Amino acid sequence: ASIGVCAPGLAARDGRSIAHMPRRLSGLQEIDWTSVLGRSEIVPVLNDAHAALLGEAWIGAARGRQHVVMLTLGTGVGGAVISDGRLLRGAIGRAGHLGHVCLDPEGKPSIAGMPGAIEMMMGDCTVAERTDGRFTSTDALVAAHRVGDADATRVWLRSVRALACAIGSYINLFDPEAIVIGGGIAQAGDTLFTPLGRELERVEWRPGGHRVPLVPAALGEWAGAIGAARNSLSS
């Protein structure tokens, strides 16, 4: 009855295409999916992290919550925010691009031009650079950390600390009921969540002892597709 699409990048204001995808998957830009798919009704297009959070809010880890921040940890770091039950999109769709928040003004810029962004400290796209070429994927880095490789452990825990500082900042900005963590890197499980919890003990502002729970995403690689479907039903 209806079709929805999600993809990386900024969705166009008319919701028919991805308007901007800097330096990655540029072939997705400006494809009008309604025309390509031959539909008479508009096929709404949404950023992939925005869609993932819609999916998790519909039938996943964020179900029943009105204030949620989601991070998708993969090639880069995607993000999305639901506040008062509504997905934040902003004036041109930039809202929720949490991977491009600055943690180090002197750091290397992300694809959005932001120096020292959390994407540069946690994303799979920078593993080789962060490890001086020893590892080319987060999977390999985590595997080495698990067997006691001291250099891998140093790099991994430094990245996790940066992520905790970013999450603490998002908590101060949005005051969520929960932080949902998804994406391929989240498959590290306790190897991610245990040190991340320890670091949040140090940096999270907890008035009256209130702690914001970290929740693993429930829908896996289907989150974006499910959210795109949900978006199509409400468009």
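Is Val36 buried or exposed? Val36 is exposed, with a relative accessible area of 54%; the classes used here are buried for under 20% relative accessible area, exposed for over 50% and partly exposed in between, with a 1.4 Å probe and protein chains only. The model is a predicted one, so local features need pLDDT of at least 70 and side-chain atom pairs count only at pLDDT 80 or more, while totals for chains, interfaces and linings use all residues. Residues are numbered from 1 along each chain as its sequence is written, and side-chain values use heavy atoms, with hydrogens and water left out.

Val36 sits in helix 1 (residues 33-36); helices (H or I, at least four residues) and strands (E, at least two) are DSSP runs, numbered from the N terminus. Together with Ile3 and Leu37, Val36 makes up a nonpolar surface patch with about 240 Å² of accessible area. Patches are built from residues with over 30% relative accessible area and no salt bridge, joining like charges within 9 Å and nonpolar side chains (Val, Leu, Ile, Met, Phe, Trp, Tyr) within 5 Å. The areas themselves come from the Shrake-Rupley method with a 1.4 Å probe, and for residues only the protein chains shown count as cover.

Next comes helix 8. Asn231 belongs to this helix, which covers residues 223-234. Helix 8 has twelve residues and reaches 17 Å from its first C-alpha to its last, close to the 16 Å expected at 1.5 Å a residue; the expected span is 1.5 Å times one less than the number of residues. Its buried residues are Ala223, Gly224, Ile226, Gly227, Ala228, Asn231 and Ser232. An α-helix has 3.6 residues a turn, so residues three or four places apart point the same way. Among the elements covering the buried residues of helix 8 are strand 1 (5-7), strand 4 (45-47) and helix 2 (48-59).

Asn231 itself is buried, at a relative accessible area of 5%. Not counting residues up to four places away in sequence, Asn231 touches Pro44, Leu46, Leu54 and Arg89, where contact means heavy atoms within 4.5 Å. With Arg89 there is also a side-chain to side-chain polar contact of 3.3 Å. A polar contact is a pair of N or O atoms within 3.5 Å; within protein, one must be able to donate a hydrogen and the other to accept it, and residues adjacent in sequence count only if both atoms are side-chain atoms.

Arg89 is found in the loop between strand 7 (86-87) and helix 3 (118-122). Arg89 is partly exposed, with a relative accessible area of 36%. Leaving aside neighbours within four places in sequence, Arg89 is in contact with Leu46, His50, Arg94, Ala95 and Asn231. The C-alpha atoms of Arg89 and His50 are separated by 8.3 Å, though the two residues are 39 apart along the chain.

Side chains of opposite charge can pair when their charged atoms come close. Counting a side-chain nitrogen of Lys or Arg within 4 Å of a carboxyl oxygen of Asp or Glu as a salt bridge, the total comes to nine salt bridges. One of them joins Arg16 and Asp32, with the closest N and O atoms 3.0 Å apart. This pair links distant parts of the chain, 16 residues apart: Arg16 is in the loop between strand 2 (10-11) and strand 3 (18-20), and Asp32 is in the loop between strand 3 and helix 1. Both partners are partly exposed, Arg16 at 22% relative accessibility and Asp32 at 24%.

Another salt bridge brings together the side chains of Lys108 and Glu129 (3.3 Å, N to O). Lys108 lies in the loop between strand 7 and helix 3 and Glu129 in helix 4 (residues 127-130), so the pair ties together parts that are 21 residues apart in sequence. Arg211 and Glu201 also meet in a salt bridge, at 2.7 Å from N to O. Here Glu201 is in helix 7 (190-203) and Arg211, ten residues apart from it, is in the loop between helix 7 and strand 9 (214-216). A network of salt bridges links Glu201, Glu204, Arg206 and Arg211.

Most residues other than glycine have a negative phi, and most peptide bonds are trans. Asp84 has a positive phi, near 55°, and lies in the loop between strand 6 (77-83) and strand 7. Asp175, also not a glycine, has a positive phi of about 50°; its place is in the loop between helix 6 (150-174) and strand 8 (178-182). Asp84 counts as exposed at 57% relative accessibility, and Asp175 is exposed at 54%.
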